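Me: I have a model open and would like to learn how to read it. Can we go through its features one at a time?

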Amino acid sequence: MNVAKSGYRVFSANSTPACTELSKKITERLGVELGKSVVYQESNRETRVEIKESVRGQTIFIIQTIPRDVNTAIMELLIMAYALKTSCAKNIIGVIPYFPYSKQCKMRKRGSIVCKLLASMLAKAGLTHIITMDLHQKEIQGFFTFPVDNLRASPFLLQYIQEEVPDYRNAIIVAKSPSAAKRAQSYAERLRLGLAVMHGEAQCSESDMADGRHSPPCVRNTFGHSGLELPCKQQAPFPGIELPIMMAKEKPPITVVGDVGGRIAIIVDDIIDDVEDFVAAAEILKERGAYKIYIMATHGLLSADAPRLIEESAIDEVVVTNTVPHEVQKLQCPKIKTVDVSMILAEAIRRIHNGESMAYLFRNITVDD
């Protein structure tokens, strides 16, 4: 393809070679060259971006994978988008396979919805469209004032199970918490396999965290008629009315709903970061009779000591996509396998540029997927 006449450019907003690998795979599939730009950190850690070719009137796709240094990656993306905007690019489309801060999408006690803040920053920087994959919560799309295409990695992971897991017909899909049951059910129905759900005190759901909205504020020390200082205490919103108190949650001992004895257990989730929960789940499944344990996830963040913990655990294999660079972790732990999703990202770019429908990429995708 003649890049000069294609009407669009593809840039990488990353400054490290490990993070540009996905960008190179996408441009190879599209038959275009990666746009010429320089992204680097100054001695004082400020990010500088220089666009080395004309982008006037062009549709620009910025590919940004998120390494461990999340905040630097965000600044690289924002500064590049703004540089392209001020260089008179026609449209600026972000290709962000793993959307950062997606777990901070709900209000917490005296906290903030950081994901909404990031969406506003991207719009202000000049982005007009985003392509991402398996958002932690699909409702995050409502934070944006421009279109968001939330692609799915499940077809690639399902294909891996069918082709690479020996005797997968003897497998059972496992949700490591009730909140992951819908995703697990989707996999089980498509593979025509059984479903098991884990529940118990080893799990810590995000919904269990107190958000403070049901608690009345503490009333400051006041002075009574006698002039004596009264202690700070929680008061009902209306004098003389006692509101019912929400009972504290107490999780039962960990249990597995479903028979995993003599089966291959496949745990599915969207993100695998700190692996302690997965390791604990694998131990329970082994105790219940599962003879092989696989972990399937879209985004393999694998932070901290994740490679070592996986290597020493009962987990046989961890399968993730290349939405997040994890080559170092693979060298530390041979149990980690990678599925390439550059094909669907490249096809999304091609269809958006040509004005074609995206429905083909969402075939057989339901609301719960």
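**Reading the model**

Reply: Start with the salt bridges: the structure holds 13 of them. A salt bridge here is a side-chain nitrogen of Lys or Arg within 4 Å of a carboxyl oxygen of Asp or Glu. This is a predicted model, where local features need pLDDT of at least 70, side-chain atom pairs count only at pLDDT 80 or more, and totals for chains, interfaces and linings use all residues. Residues are numbered from 1 along each chain as its sequence is written, and side-chain values use heavy atoms, with hydrogens and water left out.

Me: Which residues are linked in a network of salt bridges?

Reply: Glu347, Arg350, Arg351 and Glu356 are. Take the pairs in turn. Glu347 and Arg351 meet at 2.8 Å, N to O. Both lie in helix α9 (residues 342–354), four residues apart, about one turn of the helix. The general idea: an α-helix has 3.6 residues a turn, so residues three or four places apart point the same way. Arg350 pairs with Glu356, their closest N and O atoms being 3.0 Å apart.

Me: How do I read a pair of packed helices?

Reply: Two packed helices are described by the angle between their axes and the distance between the axes. Axes are lines fitted to C-alpha atoms, for helices over the stretch in contact, and angles run from 0 to 180 degrees between N-to-C directions. Helix α2 (residues 70–86) and helix α3 (residues 114–125) come within 8 Å and cross at roughly 25 degrees. That makes α2 roughly parallel to α3. Angles under 35 degrees count as roughly parallel, over 145 as roughly antiparallel, 65 to 115 as roughly perpendicular and the rest as oblique.

Me: Which residues of α2 meet α3?

Reply: Ile74, Leu77, Leu78, Ala81, Tyr82 and Lys85 do. Their partners in α3 are Leu118, Met121, Leu122, Lys124 and Ala125. Contact means heavy atoms within 4.5 Å.

Me: What covers the buried residues of α6?

Reply: Begin with the helix itself. α6 (residues 276–287) has 12 residues and spans 17 Å from first C-alpha to last, close to the expected 16 Å. That expected span is 1.5 Å times one less than the number of residues. Its buried residues are Phe278, Val279, Ala281, Ala282, Ile284 and Leu285. Their cover includes β8, β9, β14, β15, β16 and α7. Gly289 follows α6, with a positive phi near 110 degrees.

Me: Where is Val268, and what does Val268 touch?

Reply: Val268 sits in strand β15. Val268 is buried, with a relative accessible area of 0%. Not counting residues up to four places away in sequence, Val268 touches Ile173, Val174, Arg183, Ala184, Tyr187 and Met296.

Notes:
Helices (H or I, at least four residues) and strands (E, at least two) are DSSP runs, numbered from the N terminus. Buried means under 20% relative accessible area, exposed over 50%, partly exposed in between (1.4 Å probe, protein chains only).
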